[in-house]
Amino acid sequence: MSDAAAPGPFPGGHLFPHEELRAPTARPLSVYVHIPFCAVRCGYCDFNTYTPSQLAGMNMDDYLAAVHAEIAAAARALGTGRAVSTVFFGGGTPTMATPAQLGEVLADLRDTFGLVPGAEVTTEANPETLDRARLETLLGSGFNRLSLGMQSADEQVLARLDRHHTPGRALQVARWAHEVGFPDVPLDLIYGTPGESLDSWRATLDAALGVAPEHLSAYSLIVEEGTALARRIRHGELAMPDEDAEADEYLLAERMLSTAGLANYEISNWALPGHEARHNLAYWRSDDWWGFGPGAHSHVHGVRWWNVRHPRRYAALLGEGARPREDFEVIDAPTRHEERVLLELRIADGLPVGELTGTERARLAEPLSRGLVTVVGDRVHLTLQGRLLADAVTRDLLD
């Protein structure tokens, strides 16, 4: 469904009537803020990000003025009586903005909507953009979770990924973050990079665990079309990631991380008890969230919409007092069901058996017999082997 098909216009140039977005609900509200700037573009990245040369003529102040304008527009649509439970600044590299600039956006959200007591407030960061002083300012501004893109402790792996920090930089920043008082310092890792050995991956896990992260994400390398990595593989410069090797690396991560006390609570995520990423759980549980920034997606009351992708177009629309929406969809019951199965099977809490149709419950017999799922009480859970084949399990249940 396109904007053109939507009834309107509505007050404030919104996609939906205010009363539709303001309907009473007990569902938590989360906020995502997209910062699309990156110093350089990593070879594997297909996110909606831009280097300074690609955004010549637009500086961070110009961009953040548009974000503040969208926050005001969201307040007109949602009202101001619904406090925010989680905030996540992602990108891109959010810490290309100064801590003061990020703090101003967070203060705007706090002043406009309010934050629930103990709200989780995260910013992603590349290690080379931070020092101890900047960390202290971020913490003082209200950020309580610092998600660091470490990726690997192997210089050759970092080079293949076009990462420009040294292997030890993320570890040093993690130590500083703990020292200044951050209660949560997650590390993001990537496995399956061409040429990475199991020993190299073990060394990366060892190094990461050495700084006592409360949370660790380990993502298999995905080769996305249109990226520099895909071109290098197509030209024979690098080999495609090997699925069997990736499975071995995943199983090694599970052994090492669980031994260190980090429990797997979503296929790619491990955490100490009480340190699970509440913001990401909001996505997996289909709570409500508003995404600010170009290309950002939002989901409120069963309606999903997304913004135009280019920062200049996004800022221009908001500068004109127009909506920055690209398109939207009303999520019907079959789509909602499919998404619940796909997302909730990924998390350790599992999927209620009652969510499955009779036909789908009958299909459970095969993954049960193969040891890919287990049923405990009234919920279906993936086993460790099932996590390795999660896409196939959910596809077979739904088809």
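## Close-up views of a predicted model

**View 1. A salt bridge between E254 and R387.** E254 pairs with R387 in a salt bridge, and their closest N and O atoms are 3.1 Å apart. Everything shown here and below comes from a predicted model. E254 belongs to helix α9 (residues 243–259) and R387 to helix α15 (residues 384–388), so this pair ties together parts that lie 133 residues apart in sequence. Are these two residues buried or exposed? Both E254 and R387 are buried.

**View 2. A salt bridge between E266 and R346.** Here the closest N and O atoms of E266 and R346 are 2.7 Å apart. This pair, too, links distant parts of the chain: E266 sits in strand β7 (residues 263–266), while R346 is in the loop between α12 and β13, 80 residues apart. E266 is buried, with a relative accessible area of 2%, whereas R346 counts as partly exposed at 25%.

**View 3. A salt bridge between R370 and E366.** The side chains of R370 and E366 meet at 3.9 Å, N to O. R370 is partly exposed because its relative accessibility is 47%, and the cut-off for exposed is over 50%. E366 is partly exposed as well, at 48%. How many salt bridges does the structure hold? There are 13.

**View 4. Helix α12 and what covers it.** Helix α12 (residues 333–344) has 12 residues and spans 16 Å from its first C-alpha to its last, close to the 16 Å expected at 1.5 Å a residue. Look for H337, E339, V341 and E344, which are buried. The elements covering the buried residues of α12 include α10 (278–284), β11 (303–307) and α16 (390–398).

**View 5. A three-stranded open sheet.** Follow the strands in the order β13-β15-β14, with antiparallel pairing. β13 (351–352) and β14 (373–376) stand at the edges with a single partner strand each, so one side of each has no neighbour in the sheet. Four bridges join β14 to β15 (residues 379–382). In one of these pairings, V375 has V380 in β15 as its bridge partner.

**View 6. Inside the largest nonpolar core.** This core has 86 residues, and among those with the most contacts inside it are V33, L135 and F292. Helix α2 (residues 60–78) gives the largest share, 10 residues. Beyond its neighbours within four places in sequence, L135 is in contact with residues including L130, W176 and F182. Apart from this core lies another, of six residues, among them Y265 and W284.

How values were computed
Residues numbered from 1 in each chain as written. Predicted model: local features only at pLDDT ≥ 70, side-chain atom pairs only at ≥ 80, totals over all residues. Heavy atoms only, no water. Core = buried A, V, L, I, M, F, W, Y, C linked by side-chain atoms within 4.5 Å. Buried < 20%, exposed > 50% of the residue type's maximum accessible area, 1.4 Å probe, protein only. Helix = DSSP H or I, 4+ residues; strand = E, 2+ residues; numbered from the N terminus. Contact = heavy atoms within 4.5 Å. Pairing = 2+ DSSP bridges. Expected span 1.5 Å × (residues − 1). Salt bridge = Lys/Arg side-chain N within 4 Å of Asp/Glu carboxyl O.
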